[in-house]
Amino acid sequence: MAVFTKLLLTEIKISLRDPLYAFFTLLFPVLLISILGNVPTMQEAPPELGGLRVIDLYAGLALGLAIGIIGLQGLPAVLATYRERGILRRLATTPVRPGLLLGAQLTMNLLTVLISAVLVYTVANLAFDVPIPESPLLFLLAVLLNCAGAFAIGLLLAALAPSGKTANAIGTFLFFPMMFFAGLWAPRELMPEMLQRIGDFTPLAAGQDMMTDALTGRSPALLSITVLIGYLVICGAAAVKFFRWE
């Protein structure tokens, strides 16, 4: 545990030295919700949203944005770069096994998501009266499963990509369509039915649906849980099989 704690603190220090990481994972979601909250149409409550305002949904989407950036772009790029530079290979020859570094990286990113969630919902609640989720435990479960699905894809990208730049490029290519189906450009409930059905099987959309359910106190849909666990199991197993330390 002492070694893991040192690795975790080191990973946190390294990430904080990168201003882009801190901005896009912690500040940008808050900035996004602050800007959108002042748009008059965001205060509307279309019938399709079941009594929620558009801004109420965008608090979860802002958090989903951070999860997507970390899971699909940051995590795979960092791990692929570590392997590319021989860091993982050198660690394999020491008592600090590479798996500990992997665990520290995942833990650091999860902590970042949780801090982002607190910041987003604090600002959204105080500034725009966005309700705090009625089911905090279900909301936490939704966030954890959302991270699990996105991080599993990120680990698979890190396993397959030959370099950090390639991993980041592929992750960016996946990020934008996934955020589209999650409802970043238009709430999922307002999309044509065909697009909604396609989105049901993407991880960020499934995570968004779970967070919306937790916001209103509804039980999460079985499909959303199944989709996220499916990504975790399938992509996670593939990442374990193909991951190379050097």
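**Reading the helices and the core**

Trainee: Is Asp129 buried or exposed?
Mentor: Asp129 has a relative accessible area of 59%. This value comes from a predicted model.

Trainee: Is Asp209 buried or exposed?
Mentor: Asp209 lies in helix H9, residues 203–216. The relative accessible area of Asp209 is 17%. The cut-off is under 20%. So Asp209 is buried.

Trainee: Which residues does Asp209 touch, not counting those up to four places away in sequence?
Mentor: Contact here needs heavy atoms within 4.5 Å. With residues up to four places away left out, Asp209 touches Arg188, Asp200 and Ser224.

Trainee: How do H6 and H10 lie to each other?
Mentor: Take H6 as residues 136–160 and H10 as residues 222–242. Their axes come within 8 Å and cross at roughly 25 degrees. Angles under 35 degrees fall in one class. H6 and H10 are therefore roughly parallel.

Trainee: How many nonpolar residues are in the contact of H6 with H10?
Mentor: The crossing of H6 and H10 is left-handed. The contact includes Leu145, Ala152 and Leu156 of H6, and Ile225, Leu232 and Phe242 of H10. By class, it has no charged residues and three polar ones. The nonpolar count is 17.

Trainee: What is Tyr58 in contact with, leaving aside neighbours within four places in sequence?
Mentor: Tyr58 is among the residues with the most contacts inside the largest nonpolar core, along with Leu63, Val113 and Leu204. Leave aside the neighbours within four places in sequence. Tyr58 is then in contact with Ile33, Leu36, Met42, Gly183, Leu184, Trp185, Ala186 and Pro187.

Trainee: How far apart in space are Pro47 and Leu138, C-alpha to C-alpha?
Mentor: Pro47 is in the loop between helix H2 (19–36) and H3. At 75% relative accessibility, Pro47 counts as exposed. Pro47 and Leu138 are 91 residues apart in sequence. In space, C-alpha to C-alpha, they are apart by 24 Å.

Terms used. Residues are numbered from 1 along each chain as its sequence is written. This is a predicted model: local features need pLDDT of at least 70, side-chain atom pairs count only at pLDDT 80 or more; totals for chains, interfaces and linings use all residues. Side-chain values use heavy atoms; hydrogens and water are left out. Axes are lines fitted to C-alpha atoms, for helices over the stretch in contact, and angles run from 0 to 180 degrees between N-to-C directions. Helices (H or I, at least four residues) and strands (E, at least two) are DSSP runs, numbered from the N terminus. Angles under 35 degrees count as roughly parallel, over 145 as roughly antiparallel, 65 to 115 as roughly perpendicular and the rest as oblique. A crossing is left-handed if the near helix is turned anticlockwise from the far one by less than a right angle, and right-handed if clockwise. Ala, Val, Leu, Ile, Met, Phe, Trp, Tyr, Cys and Pro count as nonpolar, Asp, Glu, Lys and Arg as charged, and the others, Gly among them, as polar. A nonpolar core is a set of buried Ala, Val, Leu, Ile, Met, Phe, Trp, Tyr and Cys residues joined through side-chain atoms within 4.5 Å. Buried means under 20% relative accessible area, exposed over 50%, partly exposed in between (1.4 Å probe, protein chains only).
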